[in-house]
Protein chains: 2
Amino acid sequence: MTMPKRDTYTPESLLAVAVGVFNERGYDGTSMEDLSRAAGISKSSIYHHVRGKEELLERAVGRALEGLFGILEEPAARRGRAVERLEYVTRRTTAVLMDELAYVTLLLRVRGNTPTERRAMERRREFDQRVADLLRAAVTEGDLRGDVDARLATRLLFGMINSLVEWYRPDGRGSVDGDQVADTVVRLAFDGLRR
Amino acid sequence: MTMPKRDTYTPESLLAVAVGVFNERGYDGTSMEDLSRAAGISKSSIYHHVRGKEELLERAVGRALEGLFGILEEPAARRGRAVERLEYVTRRTTAVLMDELAYVTLLLRVRGNTPTERRAMERRREFDQRVADLLRAAVTEGDLRGDVDARLATRLLFGMINSLVEWYRPDGRGSVDGDQVADTVVRLAFDGLRR
DNA sequence: GTCTATACCGTGATAGAC
DNA sequence: GTCTATCACGGTATAGAC
């Protein structure tokens, strides 16, 4: 309710700062010292907002997973021919990656060193599985080529989409640029490079 | 010349162990303690073979880059239509990724925290640039579609290929399995998922 | 809500015996 | 070539004043 007069950190606003640093230096490569410098407050003040470094990671990957699983709940991902649903999910996943870039980046880089990380990886695999099922259905319905392994194809599809976090940087205004990226991803994935 | 009777470490054999641990736990997440346990020797013994942790990283990414740039020197990557050279480079890059999996994995995960890492990233960008040039040439020669940005397409192509390090694990004997992966990568990249 | 001060531990690295 | 012992440092986290 209260509109804060000055910038005092909430767990949420601190998270935004932390995620930025995590992605620059890597989670393990980031010290609380690094975070405190980036946030402009002392190390110990951070502990006033969150229980520790790992809680920041947990919140970040949670947000990313929320965005991804949200796609599967959207109507267009649940009705119609499988190939069209797959195309929709491909486009939307690309969009979510760009919208929640920092959070998804962190999710994709998690290695499984802690229980938090392992849970995140498991949920991510779950999402991949759901898309693989969709791709399989599209093959069965005769819209996608049957001469590629569905699991392999899904992995390569996600490889393409997920690579966004390595190079995509939001530019000026609007989502025009983002739409072009999503178009290209869909075009390449479904129709290939060849003329 | 001398054939060692027992297993005593060389910088090379120690590197193989280290790269495995780096990829499991992440470079920053790996302590010398971790390495010593994996190698079965004490921390200080490691310093007898290499100058430190960073030298191990340097050797590893060096080996990966050697493999990648080697591709561009091969005859089939230097003669003929651009589209065929690009197809060849795509297939060979996939193969090198699988052959030198651990080393390339490490290279792809480098974040730029140290001078060593930054040099590695620069060389990698150089390689990407060379492939982007090839793709551009293939568009000019009329073999690839002109409605996608060459730089963007190259990034997505590498996204697909490089994702191998996230899931590919060498199986039983022979490169049969690997050939199938390379075939699928080329097919998907050039002709797409659609039937 | 932020600070200073500090506890306590694991880190990368070295010295020197065997 | 490997070890034990040790170092200085920086890491996460806590205590308690303001």
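## Polar contacts between the chains

A polar contact is a pair of N or O atoms within 3.5 Å; within protein, one atom must be able to donate a hydrogen and the other to accept it. In this predicted model, 20 residue pairs are in polar contact between chain A and chain B, counting pairs with both residues at pLDDT 80 or more.

Salt bridges also cross this boundary. The interface of chain A and chain B has 7 of them. One of these joins the side chains of Asp191(A) and Arg194(B). Its N to O distance is 3.2 Å.

## Which parts of chain A touch chain B

Several helices of chain A supply two or more residues each to the side that touches chain B. They are helix 1 (11–25), helix 5 (82–99), helix 8, helix 9 (164–167) and helix 10. Which helix gives the largest share? Helix 10 of chain A does, with 9 residues.

What kinds of residues make up this side of chain A? There are 15 nonpolar, 9 polar and 16 charged residues.

## The extent of the interface

Chain A puts 40 residues into the contact, and chain B puts in 40 residues. Together the two chains bury about 4200 Å². Of that area, 56% is on carbon and sulfur atoms.

## The fold of chain A

Chain A has 10 helices and 0 strands. Its pattern along the sequence reads α-α-α-α-α-α-α-α-α-α. The C-alpha trace of chain A spans about 60 × 40 × 35 Å along its principal axes.

## Cavities

How many cavities of 30 Å³ or more does the model hold? The count is 4. The largest cavity has about 90 Å³ of space. Its lining is made of 13 residues. Those closest to the centre are Met160(A), Leu188(A), Ala189(A), Met160(B) and Leu188(B).

Helix 8 of chain A gives the largest share, 4 residues. The lining has 13 nonpolar residues, no polar ones and no charged ones.

Find helix 8 and helix 10 of chain A in the structure. Both give two or more residues to the side of chain A that touches chain B.

Definitions and conventions: Residues are numbered from 1 along each chain as its sequence is written. Chains are lettered from A and ligands numbered from 1 in the order in which they are written. This is a predicted model: local features need pLDDT of at least 70, side-chain atom pairs count only at pLDDT 80 or more; totals for chains, interfaces and linings use all residues. Side-chain values use heavy atoms; hydrogens and water are left out. On a 1 Å grid over the protein atoms alone, a cavity is a set of points where a 1.4 Å probe fits but cannot get out, and a pocket is an open set with protein on both sides within 12 Å along at least five of seven lines; lining residues have an atom within 4 Å of a point. Grid points are joined across faces, edges and corners, and a volume is the space filled by probe spheres set on the points. Ala, Val, Leu, Ile, Met, Phe, Trp, Tyr, Cys and Pro count as nonpolar, Asp, Glu, Lys and Arg as charged, and the others, Gly among them, as polar. Contact means heavy atoms within 4.5 Å. Buried area is the accessible area (1.4 Å probe) that two parts lose on being put together, summed over both. A salt bridge is a side-chain nitrogen of Lys or Arg within 4 Å of a carboxyl oxygen of Asp or Glu. A polar contact is a pair of N or O atoms within 3.5 Å; within protein, one must be able to donate a hydrogen and the other to accept it, and residues adjacent in sequence count only if both atoms are side-chain atoms.
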